[in-house]
Amino acid sequence: MQSKMLQRFISKFLPAIEIEDFQPEPKFESDQNQKFEQEEEQSPETAELVAMLGFQPTNINHYKLALRHKLASNGKGNNERLEFLGDAVLSSVVADFLYNNYKTRDEGYLTNLRSKIVKRETLNVVAKEIGLDKLVNLPIHTTSHNLNVYGNAFEALIGAIYLDKGYEQCKKFVYDVIFAKYISVKKLEKATENFKSQLLEWSQKRKINVDFEIIDDVMDAENNHIFKCAVKIDGKVVANGNGYSKKESQQRAAKAAINFVKKHYECPKKSSINSQIGQ
């Protein structure tokens, strides 16, 4: 009864509305542009990106931005904000992976292992392994030897995936592509990365003086600091290392010094550090 009364009310008091009045609203121009952009023929670079990702991006612009270094931005924006986002997302995904796969390990162990996975050196290697270094938009004239560019771009890529597809797709990409093919967590578990601590521990046991000294600080072509550290054993320089931070230069110098010690000082026929370095 109520339904029939409502129908009579509408027919009596509301004007008839033609079907054509209910035409769908036109799409926004940005939506049309995005659709056109997705449907147009893929460039070789985009095809390489899709092959690397293993899925078709919804909004390719996120990925283009992720691959644009600040030196190539020309006022169009660069990948630093996406790098910030990707760093946080990647850390969360790795924590998720470790929490679920190392159920008997404590918080300290998991934190240390996560730091090995997400450290810049590891990400630099992964970026090159998946071919990301060939897609990063850098000026042709750049003389930078800062390999962190590629590790940074990898984090920015994770940020782009998160914005485009969400957390679960980021997780799938890291699990199925990165962990399955490029990162051996088992090897990283056994890896000892703090070369400075190793060298100092060695020196303390043998009562030998080891010193780290920053001997140079220069700027590269892109105004990045490059530090040079020297390692001295009993006052004699045995190794040097360069880095984009003092800590990085110290670690590289310490690694080189450890190689020197293994090759020379551990020899049982030698009794003094001076004889080992020929002084």
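The legends below describe close-up views of one predicted model.

Residues are numbered from 1 along each chain as its sequence is written, and side-chain values rest on heavy atoms, with hydrogens and water left out. Because the model is predicted, local features need pLDDT of at least 70 and side-chain atom pairs count only at pLDDT 80 or more, while totals for chains, interfaces and linings use all residues.

**Figure 1. Overview of the protein.** The protein has 13 helices and three strands; these elements are DSSP runs numbered from the N terminus (helices H or I, at least four residues; strands E, at least two). Of the 279 residues, 38% are buried, where buried means under 20% relative accessible area, exposed over 50%, and partly exposed in between (1.4 Å probe, protein chains only). The accessible surface comes to about 18000 Å², and 51% of this surface belongs to carbon and sulfur atoms; the areas come from the Shrake-Rupley method with a 1.4 Å probe, and for residues only the protein chains shown count as cover. Among contacts between residues at least 6 apart in sequence, 53% join residues at least 24 apart, a contact being heavy atoms within 4.5 Å.

**Figure 2. The largest nonpolar core.** A nonpolar core is a set of buried Ala, Val, Leu, Ile, Met, Phe, Trp, Tyr and Cys residues joined through side-chain atoms within 4.5 Å. The largest one has 45 residues, of which Ile117, Leu132, Phe154 and Phe173 touch the most other members. Two or more residues each come from α3 (44–53), α4 (60–66), α5, α6 (107–118), α7, α8, α9 and α10 (185–190). Helix α8 gives the most, with nine residues. Apart from its neighbours within four places in sequence, phenylalanine 154 is in contact with Leu90, Leu123, Val126, Ala127, Ile130, Leu132, Phe173 and Ile178. A second, separate core of 18 residues includes Leu199, Val210, Val231 and Ala257. In soluble globular proteins, nonpolar side chains tend to be buried together.

Figure 3. Aspartate 96 pairs with lysine 171, their closest N and O atoms being 3.6 Å apart. Aspartate 96 belongs to helix α5 (residues 80–101) and lysine 171 to helix α9 (residues 167–182), so this bridge ties together parts that are 75 residues apart in sequence. Glutamate 155 and arginine 120 form another salt bridge, at 3.3 Å from N to O. Here glutamate 155 lies in helix α8 (residues 148–165) and arginine 120 in helix α7 (residues 120–129), so parts 35 residues apart in sequence are tied together. Glutamate 155 counts as buried at 1% relative accessibility, whereas arginine 120 is partly exposed at 22%.

Figure 4. Glutamate 201 and lysine 205 form a salt bridge, with the closest N and O atoms 3.6 Å apart. Both residues lie in helix α11 (residues 195–206), four residues apart, about one turn of the helix. Glutamate 201 is partly exposed at 44% relative accessibility, and lysine 205 is exposed at 61%.

Figure 5. Three strands form an open sheet in the order β1-β2-β3, with antiparallel pairing; two strands pair if DSSP finds at least two bridges between them. The edge strands, each pairing on one side only, are β1 (210–219) and β3 (236–243). From one strand to the next the twist averages 20 degrees. Helix α11 packs on the sheet, touching β1 and β2, and its direction makes about 150 degrees with that of β1. Helix α12 (residues 246–265) lies across β1, β2 and β3 and runs at about 140 degrees to β3. Axes are lines fitted to C-alpha atoms, for helices over the stretch in contact, and angles run from 0 to 180 degrees between N-to-C directions.

**Figure 6. The β2–β3 hairpin.** Strand β2 (residues 225–233) pairs with β3 in the antiparallel sense over seven bridges. Two residues separate the strands of this hairpin, and aspartate 234 in the turn has a positive phi of about 50 degrees. Phenylalanine 227 stands opposite glycine 243 in β3, and lysine 228 stands opposite asparagine 242.

**Figure 7. Glycine 131.** Glycine 131 sits in the loop between α7 and α8 and counts as buried at 15% relative accessibility. Glycine 131 and leucine 49 are 82 residues apart in sequence, and their C-alpha atoms are 8.9 Å apart in space.

Key:
Salt bridge = Lys/Arg side-chain N within 4 Å of Asp/Glu carboxyl O.
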